[in-house]
Amino acid sequence: MSQDPWLQNYDATCRLAQEIAENIHERSRQQRTGGNPAKINMTLRASLQKLKQNIAQLKEGLLRASSSRRLIQSEADRRQNLIDDLLTREKQLNATFKGDIPEPEPS
């Protein structure tokens, strides 16, 4: 049986968030060593926009699956919690990118 497309999208979105964290870390390293972070900044802006779109797609997919009763309530709740965690991560990444909060070490 193939994996649920929603879960595949979720996994891909988590990987994107991880890549963004690593790029923010790399940008900080370049800034400390006198490098030019302009290219990474451009990549980060695009990646953060893509992350936002992916999360919106996950929300939409969950809403569709819930309203058509394809998911039991406990699974819908679990997926909503996963989305909430991603939203929190996105806010942290955006704040770190903009320099509002210090950078966490990539996990």
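Asp-4, Glu-75, Arg-78 and Arg-79 are joined in a network of salt bridges, a salt bridge being a side-chain nitrogen of Lys or Arg within 4 Å of a carboxyl oxygen of Asp or Glu. The model is predicted, so local features need pLDDT of at least 70 and side-chain atom pairs count only at pLDDT 80 or more, while totals for chains, interfaces and linings use all residues. Residues are numbered from 1 along each chain as its sequence is written, and side-chain values use heavy atoms, with hydrogens and water left out.

**The salt-bridge network**

- The structure holds 5 salt bridges.
- One of them pairs the side chains of Asp-4 and Arg-79, at 2.6 Å from N to O.
- This pair connects distant parts of the chain, 75 residues apart: Asp-4 sits in the segment before H1, and Arg-79 in helix H3 (residues 73–98). Helices (H or I, at least four residues) and strands (E, at least two) are DSSP runs, numbered from the N terminus.
- Arg-79 is buried at a relative accessible area of 5%, whereas Asp-4 is partly exposed at 27%. Here buried means under 20% relative accessible area, exposed over 50%, and partly exposed in between (1.4 Å probe, protein chains only).
- Glu-75 and Arg-78 also meet through their side chains in a salt bridge, 2.9 Å from N to O.
- Both Glu-75 and Arg-78 belong to helix H3, 3 residues apart, or about one turn of the helix.
- Glu-75 counts as buried at 19% relative accessibility, and Arg-78 is partly exposed at 39%.

- Arg-29 and Glu-26 form a salt bridge whose closest N and O atoms are 2.6 Å apart.
- The two residues lie in helix H1, 3 residues apart, about one turn of the helix.
- Arg-29 is partly exposed, with a relative accessible area of 37%, and Glu-26 is partly exposed too, with 24%.

**Aromatic rings**

- The count comes to 1 aromatic pair, where rings of Phe, Tyr and Trp (its six-membered ring) pair if their centres lie within 6.5 Å; planes under 30 degrees apart count as stacked, over 60 as edge-to-face and the rest as tilted.
- The ring centres of Trp-6 and Tyr-10 are 5.9 Å apart and the planes are at 0°, so this pair is stacked.
- Trp-6 and Tyr-10 both lie in helix H1 (residues 5–32), 4 residues apart, about one turn of the helix.
- Trp-6 is buried at 7% relative accessible area, and Tyr-10 counts as buried at 15%.

**Asn-54**

- Asn-54 has its place in helix H2 (residues 38–67) and is buried, with a relative accessible area of 11%.
- Setting aside neighbours within four places in sequence, Asn-54 is in contact with Thr-13 and Leu-16, contact meaning heavy atoms within 4.5 Å.
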